[in-house]
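Subject: Structure handover

Hello,

Here is the structure for your files. Please open it first, then read the notes below.

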Amino acid sequence: TALFRYIECPLKFYLHSVAILRPQDEISDTIDALTFGNILHLTMQNLYKKFKNVSNPMDEIKKLRKRNTIEEAVDQTIVNILNIDKKSFSGDTILVKDIIVKYILEGILRYDSLSKGFTINRLEEDVNYTHPISNGRCVNLQGVADRIDIVGDKLQIIDYKSGNTPHLEFYGINKLFNGNASEKISNIFQTLLYSMMLYRQEGIETQPTLYFASKMLSDDYSPKIFNKEKKEYIERYSDYAEEFEKELNIALEELFDYSTAFKQTEDVDTCKYCDFKKICRR
């Protein structure tokens with residue numbers, strides 16, 4: 001997330017990760033988008049931890065697809081995250097709960113239960129990789145992968161997304177690093193970066209995918225990422241390794257070049273939802 005913040009706008013990275021500035025917390029009695037996503041992620045982790053390292057758990061997932069079971073799991077997650085009693089759920093909280101239950105029951109679980117085969121290898125675990133750059137230096141990259149499956153001879157990197165606007169297409173690697181605001185897509189960058197880290201760290205072929213829960217209600221949903229420039233789905237990270245790592249190295253070399261200032265992005269569309277736009281007078 002921090003690295004993508006730099007690619008979006010070096011000054012935004014500086015203000016957040018170097019100056020450690022944070023927006024004021026606003027008191028609200030409703031569940032925001034971040035908390036919504038956290039509830040979805042933690043519930044899926046709790047539901048699937050029993051299937052970790054179980055080969056082809058599709059039949060067990062089918063048995064799990066009971067509304068009362070999923071409701072209980074979501075209720076417990078909300079209680080843990082919000083630190084409230086179930087009896088005190090507000091109307092908004094109950095509405096959010098019902099949406100998440102639907103996403104899990106009719107989206108993620110339905111999709112996984114119909115899979116041709118997979119093994120859940122990791123859930124919400126750190127991914128670490130020491131990436132070499134010039135002059136004998138290395139950059140420590142770290143993140144948390146929502147889920148990593150073994151599918152055939154490769155690792156499938158799965159990132160759960162709770163937003164209503166799916167980003168499953170991008171305009172090529174160059175645009176991902178150097179394009180305008182709409183072409184720099186954080187979800188795709190993140191899963192590609194995790195794919196690179198695991199591919200280089202463990203020497204195993206990887207594939208980045210995105211589970212947009214709201215769109216998985218559709219029977220024809222595919223979590224594969226589509227490259228509009230090459231008109232193909234990303235099946236294997238190795239096909240993109242050279243180009244992706246070339247652009248990544250350029251960004252990291254610039255980030256750690258102390259003679260390069262943290263300049264403000266020239267693309268004002270990037271600033272629309274930035275926490276620091278008042279400071280930058282955008």
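Which residue in S3 is the bridge partner of Asp149? Gln156 is the bridge partner of Asp149 in S3.

Before the rest, the ground rules. This is a predicted model, where local features need pLDDT of at least 70, side-chain atom pairs count only at pLDDT 80 or more, and totals for chains, interfaces and linings use all residues. Residues are numbered from 1 along each chain as its sequence is written, and side-chain values use heavy atoms, with hydrogens and water left out. Helices (H or I, at least four residues) and strands (E, at least two) are DSSP runs, numbered from the N terminus.

The four-stranded sheet

S1-S2-S3-S5 is the order of an open sheet of four strands, with mixed pairing. Strand S1 (119–132) and S5 are at the edges. Each has a single partner strand, so one side of each is left without a neighbour in the sheet. Two strands count as paired if DSSP finds at least two bridges between them. On average, neighbouring strands here are turned by 45° against each other, direction ignored. Axes are lines fitted to C-alpha atoms, for helices over the stretch in contact, and angles run from 0 to 180 degrees between N-to-C directions.

S1 and strand S2 (residues 138–151) run antiparallel, joined by twelve bridges. Thr119 stands opposite Ile150 in S2. Thr130 has Asn140 as its bridge partner in S2. Five residues lie between the strands in this hairpin of S1 and S2, and Asn135 there takes a positive phi near 60°.

S2 and S3 also form a hairpin, with two residues between them. Gly152 in that turn has a positive phi of about 65°. The pairing of S2 with S3 is antiparallel, over five bridges.

Helix H8 (residues 186–202) packs on this sheet. H8 touches S1, S2, strand S3 (154–161) and S5, and its direction makes about 150° with that of S5. Contact means heavy atoms within 4.5 Å.

The three-stranded sheet

A further open sheet has three strands in the order S4-S6-S7, with mixed pairing. Its edge strands are strand S4 (169–170) and strand S7 (232–233), each pairing on one side only. S4 and S6 run parallel and are joined by two bridges. Glu169 has Phe226 as its bridge partner in S6.

Helix H3 and the cores

Helix H3 (residues 33–48) has 16 residues, which at 1.5 Å a residue should span 22 Å. The expected span is 1.5 Å times one less than the number of residues. The end C-alpha atoms of H3 are 23 Å apart, which agrees.

Buried residues of H3 include Phe36, Ile39, Leu40, Met44, Leu47 and Tyr48. Buried means under 20% relative accessible area, exposed over 50%, and partly exposed in between (1.4 Å probe, protein chains only). The buried residues of H3 pack against helix H4 (58–64), helix H5 (67–82), helix H6 (91–113), S1, S2 and S3.

Tyr48 turns up again in the largest nonpolar core, which has 73 residues. Tyr48 and Phe244 have the most contacts inside that core. A nonpolar core is a set of buried Ala, Val, Leu, Ile, Met, Phe, Trp, Tyr and Cys residues joined through side-chain atoms within 4.5 Å. Leaving aside neighbours within four places in sequence, Phe244 is in contact with Ile173, Phe177, Phe189, Leu192, Leu193, Met196 and Tyr237. There is a second, separate core of five residues, with Cys9, Leu15, Cys274 and Phe276 among them.

Loop residues to look at

Ser214 sits in the loop between strand S5 (205–212) and strand S6 (226–227). Is Ser214 buried or exposed? Ser214 counts as buried, because its relative accessibility is 11%. Its side chain reaches the backbone oxygen of Gly163 at 3.1 Å. Not counting residues up to four places away in sequence, Ser214 touches Tyr103, Gly163 and Asn164.

- At 49% relative accessibility, Ile20 counts as partly exposed.
- At 53% relative accessibility, Asn53 counts as exposed.

Best wishes

Notes. Polar contact = N/O pair within 3.5 Å; in protein donor to acceptor, adjacent residues only side chain to side chain.
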